[in-house]
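Have the structure open while you read.

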Amino acid sequence: MPSIAVKLYSVFFKFLLKHRLQNRIQTHVDESSNQYGVTTRPEESVSAANPSFTDGIATKDIHIDPSTALSVRIFLPESSLSPPEPKSKPGSSQQDESDSLNHRRNSYPNIGARTNDSRRSSLEGSKLRSDNNVYRGYSPLPQNCRRLPIMLQFHGGGWVSGSNDSVANDIFCRRIAKLCDVIIVAVGYRLAPENKYPAAFEDGLKVLYWLAKQANLAECSKSMGSGALGVGAEFTKTQVQRHLVDAFGASMVEPWLAAHGDPSRCVLLGVSCGANIADYVARKAVEAGRLLDPVKVVAQVLMYPFFIGNVPTRSEINLANSYFYDKPMCLLAWKLFLPEEEFRLDHPAANPLVPDRGPPLKFMPPTLTVVAEHDWMRDRAIAYSEALRKVNVDAPVLEYKDAVHEFATLDMLLNTPQAQACAEDIAIWVKKYISLRGHEFSY
């Protein structure tokens, strides 16, 4: 069973959440009067972006849609400044294998010791920092830097709260970025009731297309010799920028992603209601196919997804009054999120197994599902995973005993052994799909 401290905090948490949800209903703003929307609440503590490598991660915030409040926070691991991964060749010598092992140790901080001297020298040689240790993201020789997989992360909060720059989400994303060795793009989608369904889902998909646009902008800039990304340019920086504006509209290359991101290894990670968004984005990516090139969604992670349905499961009956997010509270959140004329428990946004949801499950990417023993939404998430496995999709389930909803992402639970173990388990599974060929680990 959860500890006494968790039980007491759960009572306080549910009281406060119920009060806030009721206030949302009383101060409900009609959707048409606030299309710009909000992505955070004034009562929530936020963490400022920090472009220096604090604790091995640099962060920056970007507002990517002038017509809405949609924004992203980029988490860039310091390991991205290391030399690129060597290519594996058949029949390599023992020395090559030793070099490869040393590279793996450098690339993945939780495996073996790191060769700090060589990493330090590469950082000094790359001159990627300014005097005050703030990373600008412009590399004279981008080919000498590592290109990391990109993970789109969608925070939880029951559609009506939470943010991509909250203190808890910032800590969680830093942890995942270091363990998985990925660039995380945390999505600040619009919240309900100011913006009801499908606003949050559309925001998630918009970020995926923004990522594809950035990748194409970077390739265009590289081919034209942009001064921001290479030396010996044949065109001036002004000429390149004018060409990009003509071709793509008023858009500029995001330097961190251009220098260090590998969009062909894209992973989606959703927390609670964010898992619903991640699953929607994954389905739309399948439908889009090559229209998203060079972005390719290779896997997704659904952490205690916010699924529900009209026919209750066993856990929805037995654990209806569970810790932190009980069923009555979640129903209230769904009423705030779904338009009144569309409210039903078998809505495609709520129930992943309704007929004609599309696309066929067999085309979905590999999906890791994380569930908690004391979460009333557990069984439906497991059922979705079972449906994926029936059509031969790699869809394992990690169930954590004595755990509650958001046990690995809630502020007061972030430093528990379970939260740390969950992050490490996610990293082990994700690396199967993001490791470069020849550098895979055995699991």
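In this predicted model, eight strands make up an open, mixed sheet, ordered E1-E2-E4-E3-E5-E6-E7-E8. The edges belong to E1 (57–63) and E8 (397–400); each has a single partner strand, so one side of each is left without a neighbour in the sheet. From one strand to the next, the twist averages 20°.

At the E1 end, the pairing is antiparallel: seven bridges tie E1 to E2 (residues 71–77). If you want a spot to look at, find Lys-60, which sits opposite Ile-74 in E2.

Now for the helices lying across the sheet. Here are two of them, with their angles:

| Helix | Residues | Lies across | Angle |
|---|---|---|---|
| H4 | 167–180 | E1, E2, E3, E4, E5 and E6 | about 40° to E2 |
| H8 | 273–288 | E3, E5 and E6 | about 140° to E5 |

For reference, E3 covers 148–154, E4 183–188, E5 261–271 and E6 297–303.

Then there's H11 (residues 378–390). How far apart are its end C-alpha atoms? They are 19 Å apart, and since 13 residues at 1.5 Å a residue should span 18 Å, that agrees. The helix has these buried residues: Arg-378, Arg-380, Ala-381, Ile-382, Tyr-384, Ser-385, Ala-387 and Leu-388. Their cover includes H8 and H9 (314–318), along with strands E6, E7 (367–372) and E8. Just after H11 comes Asn-392, with a positive phi of about 70°.

Technical notes
Residues are numbered from 1 along each chain as its sequence is written. This is a predicted model: local features need pLDDT of at least 70, side-chain atom pairs count only at pLDDT 80 or more; totals for chains, interfaces and linings use all residues. Side-chain values use heavy atoms; hydrogens and water are left out. Two strands pair if DSSP finds at least two bridges between them. Helices (H or I, at least four residues) and strands (E, at least two) are DSSP runs, numbered from the N terminus. Axes are lines fitted to C-alpha atoms, for helices over the stretch in contact, and angles run from 0 to 180 degrees between N-to-C directions. Contact means heavy atoms within 4.5 Å. The expected span of a helix is 1.5 Å times one less than its number of residues. Buried means under 20% relative accessible area, exposed over 50%, partly exposed in between (1.4 Å probe, protein chains only).
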